[in-house]
Amino acid sequence: MTRRETPTLVKLAAKLADEVDKIAFSAPVTHVYNPLRHAWEPHCSYLRKCNVKATDVLFLGMNPGPWGMAQTGVPFGQIAAVRDWLGITGEVTRPDNEHPQRPIEGFACKKSEVSGARLWGLFRDRFGTADAFFARHFVVNYCPLIFIQPPVRNLTPDKLPAAQWQPLQAACDAHLSSCLALLRPQFLVGVGAFAETCLQRVAAPMFDATWQPRVVRILHPSPASPAANRDWSGVVAKQLADAGVWVG
């Protein structure tokens, strides 16, 4: 077994998939997609790129986008970036109760996730190759599920009714805690305010004499944010440099 193989991360993802599938979702949610099911093959290929022994920068996103991870199984998984830069492909099936206006077409999907193009584009421009990035960095999402509400809009996990959000938060917190315990990164980077809050909540009780990582927040790359549409990569590169995550 090589160092880059990560069966433990795969087992943790399988456990998370089981846990979130036990949760019942109802109004305002009409459709729920779990890419850990329908895009399991490329998701596992992605997890195996993690350098478990040396990952000291962990980026955390919120949950899948409809044209990103929902299609590819990779966090912020804009199709061209996943296929052409990360070198990941794989079988993607159609979920149960698929919304006709949010089809899962896998790597055949023609739409592009702007957030993913920006995030992985920044890493490509900084590191050149995916192997160079994964030598000490990894990206995960806090929640693996995508929620659709009428008419055809994404619902972020934090906007769920409390009875649905609380068990989901418990499952996702447990998964994040397990990932942190495995990787013990020195920098925890929240992609946006929600992710930063999750990292602070989950990581703080885990601090000990040998592991006290720094929690950092970067601007979310979503085009819905006016600030993200003004030189997002330049702003974020400076944020990471100012925090000591990236040097030079």
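Me: Why is Asp-231 called exposed?

Reply: The model is a predicted one, and the values discussed here are computed from it. Asp-231 has a relative accessible area of 52%. The term exposed requires over 50%, so Asp-231 is classed as exposed. Asp-231 is found in the loop between β7 and α10 (232–242).

Me: What makes the phi of Asp-231 worth a remark?

Reply: Phi of Asp-231 is near 55°, which is a positive value in a residue other than glycine. Phe-76 also has a positive phi, of about 55°, although it is not a glycine. Phe-76 lies in the loop between α4 (69–72) and α5 (79–85).

Me: Is Phe-76 buried or exposed, and how do you know?

Reply: The relative accessibility of Phe-76 is 7%. Buried means under 20%, so Phe-76 counts as buried.

Me: Why is Phe-187 called buried?

Reply: The relative accessible area of Phe-187 is 16%. The limit for buried is under 20%, so Phe-187 is placed in that class. Phe-187 is in strand β6.

Me: Which residues are in contact with Phe-187, leaving aside its neighbours within four places in sequence?

Reply: They are Asp-56, Val-57, Leu-58, Arg-214, Val-216, Ala-243, Gly-244 and Val-245. Each counts as a contact because heavy atoms lie within 4.5 Å.

Me: What makes Ala-135 partly exposed?

Reply: Ala-135 has a relative accessible area of 33%. Buried requires under 20% and exposed over 50%; the value for Ala-135 falls in between, so the residue is partly exposed. Ala-135 is in the loop between α7 (130–134) and β3 (137–141). Leaving aside neighbours within four places in sequence, Ala-135 is in contact with Asn-51 and Ala-54.

Me: How do you know that Asp-21 and Arg-37 form a salt bridge?

Reply: The N to O distance between their side chains is 2.6 Å. A salt bridge needs a side-chain nitrogen of Lys or Arg within 4 Å of a carboxyl oxygen of Asp or Glu, so this pair qualifies. Asp-21 lies in helix α1 (residues 7–21) and Arg-37 in helix α2 (residues 35–38), so the pair ties together parts that are 16 residues apart in sequence. Asp-18, Asp-21 and Arg-37 are linked in a network of salt bridges. Asp-21, at 42% relative accessibility, counts as partly exposed, as does Arg-37 at 43%.

Me: Why is the pair of Asp-208 and Arg-184 called a salt bridge?

Reply: Their side chains meet at 3.7 Å, N to O. The cut-off is within 4 Å, so the term applies. The pair links distant parts of the chain, 24 residues apart: Asp-208 is in the loop between α9 (193–203) and β7 (214–218), and Arg-184 is in the loop between α8 (162–183) and β6 (187–191). Asp-208 is partly exposed at 32%, and Arg-184 is partly exposed at 33%.

Me: Where are the cis peptide bonds that join Ala-27 to Pro-28 and Pro-150 to Pro-151?

Reply: The bond between Ala-27 and Pro-28 has an omega of about 10°, and Pro-28 lies in the loop between α1 and β1 (31–33). For Pro-150 and Pro-151 omega is about -5°, and Pro-151 is in the loop between β4 (146–149) and β5 (153–155).

Me: Why is the protein chain called as compact as a globular protein of that length?

Reply: The chain has 10 helices and seven strands. Its radius of gyration is 17 Å, close to the 18 Å that the globule rule gives for 248 residues, so the description holds. Buried residues make up 52% of the 248 residues.

Technical notes:
Residues are numbered from 1 along each chain as its sequence is written. This is a predicted model: local features need pLDDT of at least 70, side-chain atom pairs count only at pLDDT 80 or more; totals for chains, interfaces and linings use all residues. Side-chain values use heavy atoms; hydrogens and water are left out. Helices (H or I, at least four residues) and strands (E, at least two) are DSSP runs, numbered from the N terminus. The radius of gyration is taken over C-alpha atoms; the globule rule is 2.2 Å times the number of residues to the power 0.38. Buried means under 20% relative accessible area, exposed over 50%, partly exposed in between (1.4 Å probe, protein chains only).
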